[in-house]
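Dear colleague,

Please find the structure below. A short account of the findings follows it.

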Amino acid sequence: MIIFAESAQGLAGLDFLWIALMLVAGLAIGFLVFMFVPFFKKRRAEVNAKKIIRDAEIKAEHITKNAQLDGKQLAQELKNDVEKELRERKAEIASQQNQLLQREQNIDRRDAQLQQKEDALDEKNEMLSRRIKDCDKKEAQLQEKIDSIIVELEKVANMTTQQAKDELFARVESKMSKEIAVFMKNKEEEAKEKVNQEAQELLGLALSKYAQDVTTERTVSTVALPNDEMKGRIIGREGRNIRTIEQLLGVDLIIDDTPEVISISCFDPIRREIARKSLELLIKDGRIQPGRIEEIVEKCKNEVNETIHKTGQDVAFKLGLPRINKDLLDYVGRLRYRTSYGQNALDHSIEVAYLSGIMAAELGLDQTLAKRAGLLHDIGKSCDFEMEGSHVEIGARLAKKYGEPDVVINAIESHHGDVEAKYVISHIVQAADTLSAARPGARSEILENYIKRIEKLEEICKSYDGVYQSYAMQSGRELRVMVIPDKIDDVGAFKLARDIKERIENEMTYPGQIKVSVIREYRAIETAK
């Protein structure tokens, strides 16, 4: 046992020694590797760098050679292009030189011709100058002779030349005015004989084919109330409800002692209609307060606008009128709420459209175009309470704005005689407008306006010299003018009638036609005793 332990102890010492030697050898090898590895890396990097530089030099040499070859080729191509362009420019310059040479030759020839013409003109000018001098001499001699003759004639006639001219002109004027008046009278009578019967048949046919009732409306609308208590609710606390209604709608509410009725006053018929509908809905609903009033007013505005648009479309469809601007149709629909002398403007326009179409068909004209002109002749009345100008001017502007034909525009401008009628359809619209307005029951007129119109008619008649009395008869549709027979003869009476007619047409606005009758009566009275 002791021997085994000693041997084991010796082996352990040898192992330790061996391990120590191995550690020393490992450290030495590690130190050598640590020292020599960077040297080898640097060496390898230098070799790689030299190789990269050599390859780059080879590539640069190839690129340089290729660039030199490309440059030479490009220079050769540019040289060829320049030489070609030079040849073309030389050829063009040579051509222009030839043209200039030809022009110079032509100019020389023209110059020679002009010189010849100028010489000829100079000769003619001299000849004309000599003739003018001769004419001046002869004219002076003739003037002397004429002056001497005039002096002798003045001595014989015992008046100057100007007095003789005035006398001659006065006689010619007197004679010609009578002849012109007689000629006009004869021609007018001939035209009346031919046209009167045909016109009566045509207008009678048109009237027999169409007739329509007219609804009379006013500038004041009334709303029925279920009881008088509702008036207080509409007025509201401290008047806030009625104030809200008037501010939103732009109307005046008239609440007086009339039982169970409220009146709405406004010159704008559309606002008046919106106010009427709003009040009826508020009364039916029962909730009358500012917030509810605003809702109802907005709702009624939308309903009226929809009604206006639908009315315009229905009228166009009813009359068979194609391609009318939708905005212009809205103006047609607005005529539903407009009146003229108590006559509903839309009904009047439809009636004029039908009458115009019938007359145009009988005359062989465009019936659709005549209906279109008749429907739109009073379109200006749909907004004459919003725009400045007469309804004729406003209607013409609207028609031009929405691209209506020239015939329609002229019919609008001329249906009251403001502008000359250029087309037959314009005359037809005038006749149809007169028929629709003048037929019995079509229009009502305020008494004050009626009296003013009658007085104006009689005043126009009495303003002429030789008139001693005048009467407006048949509600202003006929004028009878009595003249002094010693001052106005038969031909003068005819001329006076025409003058009065033209002045009435130019100065007055009136429905229908006015017949002017000039009466000249000469009485010789003696009394036997």
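Helices are DSSP runs of H or I with at least four residues, and strands are runs of E with at least two, numbered from the N terminus. The model is predicted, so local features need pLDDT of at least 70 and side-chain atom pairs count only at pLDDT 80 or more, while totals for chains, interfaces and linings use all residues. Residues are numbered from 1 along each chain as its sequence is written, and side-chain values use heavy atoms, with hydrogens and water left out.

Salt bridges come first. The term denotes a side-chain nitrogen of Lys or Arg within 4 Å of a carboxyl oxygen of Asp or Glu, and the count comes to 16. Arg292 and Glu295 form one of them, with N to O at 3.0 Å. These two residues are three apart in helix α6 (residues 290–319), so about one helical turn separates them. Both also belong to a network of salt bridges with Asp285 and Arg287.

Another salt bridge joins Glu404 to Arg372, with the closest N and O atoms 2.6 Å apart. This pair links distant parts of the chain: Glu404 is in the loop between α10 and α11, and Arg372 is in helix α9 (residues 367–376), 32 residues away. Buried means under 20% relative accessible area, exposed over 50%, and partly exposed in between (1.4 Å probe, protein chains only). Glu404 is buried at 6%, and Arg372 is buried at 11%.

In helix α5 (residues 269–285), Arg276 and Glu280 are four residues apart, and their side chains meet in a salt bridge of 2.9 Å, N to O. Arg276 is partly exposed at 21%, as is Glu280 at 37%.

A colleague
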